[in-house]
Each structure stands twice: as structure tokens, then as C-alpha cells.
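Colleague: I would like to go through the salt bridges in a model. Please show me how to read them.

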Amino acid sequence: MAKPRRNVKFQHRGSGTDARRSSFSDISEGSSEPGSPIRNGNESKDEKHGGPPPESEYEKKRQTFITRTIWTLVMIACFFAAMFMGHIYIIAIVTAIQIVSFKEVIAIANVPSRARRLRFTKSLNWYFLATTMYFLYGESVIYYFKHIILVDKILLPFATHHRFISFMLYVFGFVFFVGSLQKGHYRFQFTQFAWTHMALYLIVVQAHFIMNNIFEGMIWFFLPAALVISNDIWAYIVGITFGRTQLIKLSPKKTVEGFVGAWIMTMFFGFLLTNLLMRYKYFICPVNDLGANIFTGLQCDPNPVFLPRTYHFPAWTYISRTVTLAPMQFHILVFATFASLIAPFGGFFASGLKRTFKVKDFGESIPGHGGVTDRMDCQFIMGFFAFMYYQSFIAVYKASVGGVIEIAINGLSPEEQLEVVKGLSKYLYNKGVVSEKVRSSIPRRSFTAA
């Protein structure tokens, strides 16, 4: 009687996460690399059984390169088209990236057989995602468009009680989770609960700050993203040309030479790109019209960081010349440094996560590239940094129409609000901005309760 064969893997039909997990769960991490002994062994057995001859390594790499190149060009075209069409389209893309990345990260830790027996596992994941996005998007909309939200009779209650509503929505999900706990599945359910919250923090919360960057001005979204992409390209070019010393074991192909060389080239690239972008108000102006696009443009008083200044060299340099630069061209060196030296560790973190679960990619959303998360792992932390740096060192805080309205609504009684309106109307009448008819239409006395 023939002995059963060991280590013979049969291909099973499947799609999505289940198929991907089954193909990587029982093999070592190194087996996903081309030319591994396990893969070659399986190919030789297919030949013995009379199967179709396998593709050569050259053909596989050629096909992967073609697919990857085509989809890279498609993504670049879609990105620039959305950016020139207006801020609302970029916001839609960031929202889609949030959702797909959350789905991919949740999927790699999922155990399908258990999830099928626990009816509400996936539903709770999506509920917590929806609740978090409601809170974060609400915060952004209220902050940047309070001059519209706070004067609307229907939206005003939602705006003034937004945080309490968000908290109660989360509490309902929390109570439902506790009520759905089943004996024998506690470890799995609590693991899923913790994993979901980690994904919400690492993806959704960080992407929320990228959204705020868009509202502050397109340049604060585009520059950080372009710096990360530039650094990735230069790290590859310099690495394959001069690379000799391994940088980190999580990514064996990363070299110290490529890491440092990419930093230098990214600073140079960032300096030139900043000099170009800050000439256009469409990029440097905060969003005050979501219908604006590259053709209509935006109007604003530029942030002082974009205005050129004349600088003198220190006396100890014995250089008597002056140089005229915008402060932003100095700030961009900090952005480029973070994009080169810190942001790549977001990619290393993602590599470690994939190795933990023995998967090659987070998903198959983008042919030739893997999942959306595989392309965005460095962008999330870079966008977070850009927001924090902007708010700390660049943002100019001054009174806004929305801020004044918010203070008047939340901090003044109706009688005091009426006094403010009367005072403003008198001031504007004296300046010749409004007519006597407008001024006289305002009640002279406060309304009192009957």
C-alpha cells in the first residue's frame, strides 16, 4: 500500500482573504520569494504529473512589471485628475482609501471559520468604523464650515451636541459587543475587538489628519505625499546603484546607502517642488469653496510662510551677500527629513505585520501592487506629521467668521446677540457699507418672554 505523501499542497478554489491566507499559512516567510526551494519543488512535481510547463522566471517578472507599470500610470492619472478637479474629489479618494485599508488590515487577522459562527463579528467592525468616521468627519466639517453649519436650524443641534452623539454611538456598539460574547470564543472576540481599535487608530484617525491637511490647503496634502513617493523612488535607485549595507532585517533589500542617498535627493526635490507650488493660490489657499477647481482657483491672503524674505549670512561666514527665500523653503527641509528618515518605518511596521500573519500583501486591490495598505503604509504617518507640524509652526491663528458666530451662539444670550447685531449694523452704516433701511430693520429692543 502506497504511503501518503507529505508536504504536498493542493490548490483549492477560493477568493479574497481566505485564499490568500491558505497559500501562506503553512509555509515559511522565505518561500514567497522567487526561486524558493518549496516553490521549485512543487513545479517539478507538476511537470512529473504532465501538467502545463511553468512560466520562466523572466516571463513572470516581465508580466508583473507590465501590470505594475500600467496600474501605476492609471493611479497617477486618476490622482492628478482628482486634484485638479477640486478638493472634494481628493477627499472622496482619501475616504475610499480609509475604508479599503481598514478592510484589508481587519481581514488579515480574521479567522473565517470562527467569524461565520459569530454572526455579528464583521458587523461590529463596520459599525465601529462608521462611528469613528462620523465623529472625525463631523469634527472637521464643524471646524472648517461652522459659518454654514451653525446658522442652519436643522444642523445646529447636531453641531452643538456632536461629541455627545458620537460618544453615545460608540457606547451602543460597546454594549452590543459585550452582549454578543459567547462561551468558547472569548479569546477570538476580544482579539478582534482590540485589533479593530488598533486599525481605527493607525488608519482612520491618521487619515483624518490628512483630510484636515486638504482643508488647510492643497499644498499641505500634495507635498507630504510627493515627498514620500520621491523618497521611495530615490531609495530604490540609489540602493541598486550603491547599496552594500543592509539597513533593517524586516526589509532585507533596504540599504543604508539607499536610505541616506534618498534623504539627500528628497530634500533637493522638495525644495524645487515647493518653489513651484507656492506660486499658485489654488495650492496655498485654505478651502473656502468646495466647488473650486484648478480653473476657477481660490483667493486668499497668503500665509506669511509663502512670502519671500531677504536673509543675511552670519558675520562669522564673511559672506556679505544676501539671499531671498520664502520661509516655506526652509520648512520643507524638515518635511523631507521626516519623509526620508521616519516615514519609511511605517513601511517597516507594515512589513513586520505581514510577516507576523505570513501574508505577502495586505490584499489584491491594485493589480501588481498588492493592497491599498501596501501603498499607503508610509503616507498615513507622514500626513499625521504634516498636520502636527503645520499647526505647531506654520498656521496663523486669527478670528474667522465661523469662530465669531460660534462664540456668539454658544456664549451670548439672545439679548446680547441682538446687541452685537445692532452694534455691527451701526458700524457698517457709518462706514457706508449698509443702508439706513437695513439698519432700521433691526429691532431696537430685546425680545422678552411673555
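Modeller: What follows takes the salt bridges of this predicted model one at a time.

Colleague: How many salt bridges does the structure hold?

Modeller: A pair counts when a side-chain nitrogen of Lys or Arg lies within 4 Å of a carboxyl oxygen of Asp or Glu. On that criterion the structure holds four salt bridges.

Colleague: Take E139 and R163. How far apart are the closest N and O atoms?

Modeller: In the salt bridge of E139 with R163 they are 2.9 Å apart. The pair links distant parts of the chain, 24 residues apart: E139 belongs to helix α6 (residues 121–144) and R163 to helix α9 (residues 162–179).

Colleague: Is R163 buried or exposed?

Modeller: Exposed means over 50% relative accessible area. R163 has 56%, so R163 is exposed. E139 has 21% and is partly exposed.

Colleague: What about D374 and K354: are they buried or exposed?

Modeller: Buried means under 20%. D374 counts as buried because its relative accessibility is 6%, and K354 also counts as buried, at 13%. Their side chains meet in a salt bridge, 2.8 Å from N to O. This pair too links distant parts of the chain, with D374 in helix α16 (residues 372–394) and K354 in helix α15 (residues 344–356), 20 residues apart.

Colleague: Where do K422 and E419 lie?

Modeller: Both are in helix α18 (residues 414–430), three residues apart, which is about one turn of the helix. E419 is partly exposed, at 43% relative accessibility.

Definitions and conventions:
Residues are numbered from 1 along each chain as its sequence is written. This is a predicted model: local features need pLDDT of at least 70, side-chain atom pairs count only at pLDDT 80 or more; totals for chains, interfaces and linings use all residues. Side-chain values use heavy atoms; hydrogens and water are left out. Helices (H or I, at least four residues) and strands (E, at least two) are DSSP runs, numbered from the N terminus. Buried means under 20% relative accessible area, exposed over 50%, partly exposed in between (1.4 Å probe, protein chains only).
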